[in-house]
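Please look through the sequence and the model shown here before reading on.

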Amino acid sequence: MTEPQATLSAAQAQTVHELLARHREQPGALLPLLHAVQDALGCVPPAAVPVIAQGLGLSRAEVHGVVTYYHHFRQQPPGRHVVQVCRAEACQSRGGEALLAAARQHLPADVTVEPVYCLGLCAQSPAVMVDEVPHARMTVQRLAALVQEGGQ
Ligand code: FES
């Protein structure tokens, strides 16, 4: 895994400032702003945290706490593909943990593997999302094939 960027690029800083200006006056602006930053940059870079904190009048610790509390937020840009494996109860009982472990071990290094908590496919578990597309009754073999298909 690569080291997090120590500073924002000029383009990233401009994006964060534009999004701050758009969300600053919104009540409870932090979460919508973090979503907007991740949508725009692919992640919430650690270097964006002090900028966001200052812009919203919060402490760095408050912003960092929210970024790290919610599994949705990434601090590093995602790989070429994003595989999200459900770890909630129904999927856990049908092999979701083993699927997550196998995905982390066997998928190529440019695939980001993340846990998520319920994709609404509990009756057809274990479930995953591959590049925003949900898939049910997943196996390691099917998951590897899906990732390979997505790369073509
Ligand atoms: S528990 Fe996995 S989709 Fe609901």
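The backbone nitrogen of Ser9 lies 2.9 Å from a polar atom of the side chain of Gln12, a polar contact being a pair of N or O atoms within 3.5 Å, where within protein one must be able to donate a hydrogen and the other to accept it, and where residues adjacent in sequence count only if both atoms are side-chain atoms. Gln12 belongs to helix α1, residues 10–23, and is buried, its relative accessible area being 14%. Here buried stands for under 20% relative accessible area, exposed for over 50%, and partly exposed for what is in between, with a 1.4 Å probe and protein chains only. Helices (H or I, at least four residues) and strands (E, at least two) are DSSP runs, numbered from the N terminus.

This is a predicted model, in which local features need pLDDT of at least 70 and side-chain atom pairs count only at pLDDT 80 or more, while totals for chains, interfaces and linings use all residues. Residues are numbered from 1 along each chain as its sequence is written, and side-chain values use heavy atoms, with hydrogens and water left out.

The domain assignment divides the protein chain into domain 1 (10–69) and domain 2 (81–150), with bounds that come from an automatic or database domain assignment. The C-alpha centres of domain 1 and domain 2 lie 29 Å apart.

In α3, the buried residues are Ala48, Val49, Ile52, Ala53, Gly55 and Leu56. They cover an arc of only 165° around the axis, so they are on the same side of α3; the arc is that of the directions from the helix axis to the C-beta atoms. Among the elements that cover these buried residues of α3 are α1, α2 and α4, contact meaning heavy atoms within 4.5 Å. Just after α3, Gly57 takes a positive phi of about 70°.

Helix α4 (residues 60–69) has Val63, Val66 and Val67 buried. Seen down the axis of α4, its buried residues fall within an arc of 100°, and therefore they line one face of the helix. An α-helix has 3.6 residues a turn, so residues three or four places apart point the same way. The covering of the buried residues of α4 includes α2 (30–41) and α3 (48–56), whereas the face turned away from the buried side carries the exposed residues Ala61 and Tyr69.

Two strands are taken to pair if DSSP finds at least two bridges between them.

β1 pairs with β2 in the parallel sense over six bridges, and in β2 the bridge partner of Gln84 is Glu114. Three bridges join β1 (residues 81–86) to β3 (residues 128–130), and these two strands run antiparallel; in β3, Val85 has Val128 as its bridge partner, and Val83 has Val130.

In the loop between α5 (89–93) and α6 is Gly95, which is partly exposed with a relative accessible area of 32%. The C-alpha atoms of Gly95 and Thr139 are separated by 8.8 Å, although the two residues are 44 residues apart along the chain.

Some backbone details of the loops remain. A cis peptide bond with omega of about -5° joins Ser125 and Pro126, and Pro126 is found in the loop between β2 and β3. Glu132, in the loop between β3 and β4, has a phi near 75°, a positive value in a residue other than glycine, and is exposed with a relative accessible area of 64%. Arg137, in the loop between β4 and α7 (140–150), likewise has a positive phi, near 45°.
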